[in-house]
Amino acid sequence: MGKITRLMKAKKSLGQNFLIDKNIINKIADSITATKDDLIIEIGPGMGALTKIIKNKGSNIICYEIDTDMKPYLNALLDDKTKVIYTDILLSDIKKDIKDIKYNNLYIVGNLPYYITTPIIKFLISLKLNVKEMIFMVQEEVADRFSSLPGSKEYGSITLYLKYYFNVEKLFKVSKKCFNPVPKVESAIIKLETRTNRPEIDEDKYFKLINDSFKMKRKTLRNNLNNYDFDKIKKILEKYNLSETVRAEELSEEIFLSIYNEIE
Ligand code: SAM
């Protein structure tokens, strides 16, 4: 990294940990399969470590960066296909910003500011952007929670929430040594690929069932769902050879969907 980079003081409050490991930056870029006819939205480009490399794909790129102190670094990357919008991503109007761009597939990528990882993902889902894939650097613990399987201690309501929209995959781990300043936690790259076979259900009702089921981690499903008609739920549990004392963390999406359909 050059002289200017070393002079830049990272703002902890904005989750600024800059990637400095070239191999990792290339590996992240390689996992983004966008081509020149696609649009890539990058969240939090910082000094442009990843932006610089993904520009080689020839795609249109729109970056959202909250910190205008990054301008001297990002200005150098601007051209007719690369644009930076200085705003809080959570207050951005992405639909309006991309409406005049012609593209085949939409990718959203970024080494996310960890203090708002889940709000950013929920915000993007709420926009219904028709995104093909999202590739994000997140805290490793969060990547494990997002991609866990039933029965593991990381499995929870957020896992099922994301699973409803995406095929979620933890791609690889990233050591804290790959950043400057070095963060306290380890990181990982996750891929969220939009599902084409999403169940046709009332999302709000399904997510309420999921949230209620995981309300108290130690409690059984029966205790957490004491406001529901449990006889109907019992019927489904029996079908899957599960006892009444089962906990939500042991149930797959398929079982939750069966419960949802039974109580509907
Ligand atoms: N992509 C760069 C890299 O890998 O070196 C920087 C990643 S750093 C972990 C997170 C970036 O997100 C910072 O540049 C920070 O200023 C930016 N950021 C933080 N909060 C943001 C927000 N609400 N909206 C947009 N960008 C934000």
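1. Start at lysine 36 and aspartate 37, whose side chains meet in a salt bridge with an N to O distance of 3.5 Å (a side-chain nitrogen of Lys or Arg within 4 Å of a carboxyl oxygen of Asp or Glu). Lysine 36 is exposed at 52% relative accessible area, while aspartate 37 is partly exposed at 37% (buried is under 20%, exposed over 50%, partly exposed in between, with a 1.4 Å probe and protein chains only).

2. A word on the basis: this is a predicted model, where local features need pLDDT of at least 70, side-chain atom pairs count only at pLDDT 80 or more, and totals for chains, interfaces and linings use all residues. Residues are numbered from 1 along each chain as its sequence is written, and side-chain values use heavy atoms, leaving out hydrogens and water.

3. Next, look at arginine 195 and glutamate 253, joined by a salt bridge of 2.9 Å, N to O. This pair links distant parts of the chain, 58 residues apart: arginine 195 lies in the loop between β9 (187-194) and α9 (203-213), and glutamate 253 in helix α12 (residues 253-263) (helices, H or I, of at least four residues and strands, E, of at least two are DSSP runs, numbered from the N terminus). Arginine 195 is buried at 11%, and glutamate 253 is buried at 8%.

4. Aspartate 69 and lysine 11 form a salt bridge too, at 2.6 Å, N to O. Aspartate 69 sits in the loop between β3 (60-65) and α4 (71-74), and lysine 11 in the loop between α1 (3-7) and β1 (18-19). Aspartate 69 is partly exposed at 42%, as is lysine 11 at 25%.

5. Glu140, Asp144, Lys170 and Lys173 are linked in a salt-bridge network.
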